[in-house]
Every structure is written in structure tokens, then in C-alpha cells.
Amino acid sequence: MPLIPLSALLAAVAVQAEIAQVTVYSDRARVVRAGQVQLDGKELYELPLLDDAVDASTIQLEAVGGSVLQVDVSHIDEQDFPRDEARELLAQIEKLDDRIALASGARDARARQLAQMQRITPFVKLDDQGKANPKLNGQGWEPALVFLDGSIGKLQAALAQAKEALFVLQRERETLVVRAGQLGGARRRSGHRVLATLSGHGSAALTLTYVVGSARWYPRYDVQFLPEAAAAQISFSGEVSQESGEDWTDSFLTLSTAVPSTTTALPKLLSWKIGERERFIPTPSPQQEAPIPAPPPARPLPAKESSASDDELRQRLSSLARAPQEAAEKSEEESDGSLQSLAGGHGVAGGAPVGSPKAGRPYSSTAKRSRRQSADMPLAMPPPAPPPAVTRERTPSPAAKSLAMVAPQRPAVAPSNVAQVGLAPPPAYQPPSYSPELPAALAGGYDLSFASLRKETVKTGDGPHRVPLFSERWPVAAERVVYPALAPEAAFLVAEIKNPSERVFPGGQADLSVGADPAGVAQLKLVAPGETFTLPLGLDRAIKPIRNVNIVTEEKGVFSKDEVTHYKVTIELANPYRQQLPIRVIDQVPLPANKEMQVELEGASPQTSARNKDTGQLEWSLQLPASGKATVTYTYSLRRPKGYRLYQDQ
């Protein structure tokens, strides 16, 4: 990277570019910073220091209202500290503080004079209460009042000018404070410095974009079943966490299931010549590997001052960036309060208000600082290159010699400056793999993106943060499912939900609840528009099926006796609710283990709505009447040779 001269760093204007928008992927994030600058020709600007977790190759800068002539990105080590720049900055801030103190003194003096002038009012002094009031002569009052009005007007104008001058100085100091906040700080920090040369006139909007690692999100659902409304409240959110070293404060987030791809440079076609002008006789020669160049000698590091002096400079920068500004604001408030108390007496014209500056109050000088985490998750690295082919010396055959006369000799290894591009991936390519819990895997190949409903704050290393994405109420067809033979203690509440929106939702974990009662956790799969999916919502213990079995066994046959057992199964259901309930009853008949056994379903009341002969499952769809009962009865027979012992095969 090019070395940046110290004079350029001192001339660079610091730009405040806060994080405005972040796109979070499965293993990284794309951060967009926004800032405003006033251009007046060609000038150098310095953007905020970026953390080490930033991929320097992805840094991009755009300017709307101006032109970006050059962008220089350099890395700053933790031990590197621009002492000369810090001393120069300290001197400039101290000079400005002296000018601000003089301007504050002039403002306070004008304010006190104005308050004293406004307290002047004519009055009559009576020495003896027993005497008659003396006759007053008002001829001198008019010249005195004219003098007072003129003096007060001049003082008000001077006070307004003093406040305006103080405001300009504080704005100038604010620019230096931003730079002091970048150089100074509570701790040493390494990162990427971005210097941009811009050109133009007027206001320009800057957009700094880069990719940072150690960020991720997980889809999360909250499904609340509302029995009275026959609907479900579906809330979709993303669980975002990051350890990028910088806080995403009041930023719009976009959660994406896409997998960011890397660009590949197209190959450059070189001249391809066969033979020479004269006679061409190929001479076989072994291919030699290019020697590995020796590493350049290490440059001697310049002598550094002690870390104690660097820490002292940082502390002075931080204190100067805060204390004078706070003192100036405090003195301004005290002067305004004292002026109001002094002007609260008897004024000439009811206490004329003191003039105010043209612009508002100066900006706050508190500089925001990002936190750096020690453990950063690296970005996904490309797979290692395949090992070079081993070349061996061999004598070409006559056929090879004749072929060499018309075809060029191609090297066994492609030049390193030519990228391999084709429809098929290179032999050593390994597709990226993601955890099945990440959105890139749960989206099933869909490129989905969801924008946050409001600005969010996600601090680095602060754990997961829920980002709401949408909340809608969907119609639900809920029913009870009972398994009398397996779970006679309760009925299972099941909701059948159809996606009425036009959006595709990735799979993810869903927290279920019935009303205000939690019902458990389920794992949703990918849901397409119009697709119907089923969710278990827990147990309804108010419905308890009662299952009775009546067994009758008899013998049949003349020469060989067979035993035939008839099973009559009765299932009773009671509805304790005041509304009709849909319910499914699922039971099962046994399956024969060999050809000598026969199982036959003799009858069912009511008729089964579904039957699976491979598993023996029987299913009924019923409507339980309000506060009523329903009965399901079916009979099957089991025929087997006499003396066979029955057992259940799992």
C-alpha cells in the first residue's frame, strides 16, 4: 500500500460517517456508512477508522454531488501512533480554546452590561412621609430614556455578534474534536484507515460500503393460536448477533438468506504464434520450475518513543476533546441564567429580550467509539490451490516431434496471472458448507431478504438481538387428534395453517402458544406461498377418549381346527365445550405375520374416512357436538391355527 505523507494526514478533513444500513448474511454482513461533506474544489478527507474484521478488498466509496478521485486504504497497527499529528492537533485545539475563552468573556461582559442597563428606571425618593409630594420636572426624562434605548440596542447587537463569533469558533473546534476522538481514545486500536480525495462544489453525500465477518442471524417464529378467532398470530423475527468490533447503532437492518459470491477476473488473451519466420526445429528440454524469490530484507523499524508518552498524548486528546466544550456549554447556561435573573427586575420597556445568535446551539463534542472484541470469526477463505504438476524429462517420439511442428508447446502449469474461467468449477473447488440452522441452508436455495420494521441497535459481542420483521394474523383450521390406544389421557391440538401471503419464508424454530399459555417448540420447514403446513399446539386434557375392547374366541374347521377371535373396539368421546369441535380418531388393527394368519376388518360405525392397509391404521373425521358425545365402533377378526401363541412385533 502507498505510504501517505504526514502533511497529507494533517490536511485531511475528518468525516463523521455513521452506520446507516446493514445487510446480515449467514456468516458475514455488508455495512453501509453515510456522511455529508461540503466540497470546495479538490480536498482530502479521512473517514472513520475501520476495524480489523473488515475485508479491505471490499471497501468502496461513492459520492453523490461530487467526484471521488482517489481512495487510499492503509492498515494501522496497534503500536503505531501519529505523535506529530497528535501534537499539531493539540496545539490547534489549545489555540481555539483560548479564542473561545476570550469570546465567552466578551459575551458575558456584554450580557452583564445589558442587564445593568435594563435595570435603570426613574423613581421618586420621599424623605418625609408627612410632607406633600414634591413637584416633578420630567424635562430630563426623555433624553435619559433615549440614551438608555440607544445604549441597550447597541449592547444587544454586540451581544448577538459575540454569540455568533462564539458559535463559529465552537463549530471549528467540533471538526478538530472529531479528529481528536479518532486519534485519542480509551485504548489502543488497530484497523484500516481510509483517505479519499474528493472534488466538487457544494454539499455531497458520501456512502462507504464494506464487508465484515463475525456476523450471523437465525430465523425465529412466534405462533400464537387464538381459539376464539380461529386464527393464528404469526410473528417472524431474526436473531442477530455479531462480533465485528463496531456497534450497529440506530441502523436499518436487512436479513438475507443469500450467499455472497466473489468476483473472478476474466482471462487476458495473449498473442499465440506458431513457429518463427525461418526454419523452426523444436528442441526438447525439461521444464524448470520458477525459483521462489527470496523475501525482501526487513526494513529497520524507526525508533519509537515510549508507550507512556503515547498514552499521555491520547489522554490529553480525549480530555481536550471533552472538557473545554463542556465548560463552554456550562458557562453559556450560567450566563443565560444570570442574565434572566438580572433582567427580571423593572426594565425600561418591560425587560427587552437579549439577542440570540443566527444559528442554534453548538453541536455536542462527545465522540462515539466502537468496541473491539478479541475473538473475531474470520471470513470464509477460498480453498487451497491444487499442487503443481511434477514435470519429468523425457525424449519425445517422432510423432510428437511432427506434432510439435504445427502445434505450440503449452506449459503444464497455467501462468499465475491468468485466472481459470469456465462453466465447470476448478478441480480443487469445494462448495461452501453451512450449518443446517443458518438461513442459507434453511431457505432451500431461495434468495430471500427481510427488512427490519424500525431502526435497530446491535452491539458487538453483546449476544443475540431479536429483530422483528413482520407480524400477521392468518386463518387456522384447528382440530383435535386422539390416539385412544396410545395416549388415552388427552387429545392433541393440531393447527393447519395456509400461507396466504406472496412471500417465501425460510425454516426455523417456532415458539408455540395457545392463547397466553405456552405450548412448546416446533421446527418449521420452508413455507412457499399458498402452502399448507401443520403445527402441534400441545395437549387438550379436557378431552379424554375411553377405549373398551370386547374379545370373543371360537373354533372353526372339520379336519384342522382354527381359532378365530373377534375383537369389538368401542371408543367414546365427550365434548366439554359449548361449541362444536372437529376431531380425528386414529386407531390401528394388527397385521398378519405370515400366511397362516388372517386379519379381517368386519365393520366400522361410522365408516372410516381413511385406512392404510400397509400399517393397519384406521382414521375417522368427526364433529363432536357441543356439550355432547360421540362413539366410534369397529370390529375385526383374527384367524390362526389352534395353539398359535400371539405376540406383538415392534
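The legends below describe close-up views of a predicted model. Local features require pLDDT of at least 70 and side-chain atom pairs pLDDT 80 or more, whereas totals for chains, interfaces and linings use all residues. Residues are numbered from 1 along each chain as its sequence is written, and side-chain values use heavy atoms, without hydrogens and water.

**View 1. An open antiparallel sheet of four strands.** The strand order is β17-β18-β23-β20; strands are DSSP runs (E, at least two residues) numbered from the N terminus, and two strands pair if DSSP finds at least two bridges between them. Because β17 (546-556) and β20 (598-605) each have a single partner strand, one side of each lacks a neighbour in the sheet.

**View 2. Pairing of β17 with β18.** Strand β18 (residues 562-574) and β17 are joined in the antiparallel sense over 11 bridges. Asn550 lies opposite Lys568 in β18.

**View 3. The largest nonpolar core, with 60 residues.** Such a core is a set of buried (under 20% relative accessible area, 1.4 Å probe, protein chains only) Ala, Val, Leu, Ile, Met, Phe, Trp, Tyr and Cys residues joined through side-chain atoms within 4.5 Å. Trp248 and Ile497 touch the most other members, and strand β6 (residues 191-213) contributes the most, with eight residues.

**View 4. Surroundings of Ile497.** Leaving aside residues up to four places away in sequence, the contacts of Ile497 include Val223, Ala232, Trp474, Glu531 and Leu535; contact means heavy atoms within 4.5 Å.

Technical notes
Buried < 20%, exposed > 50% of the residue type's maximum accessible area, 1.4 Å probe, protein only.
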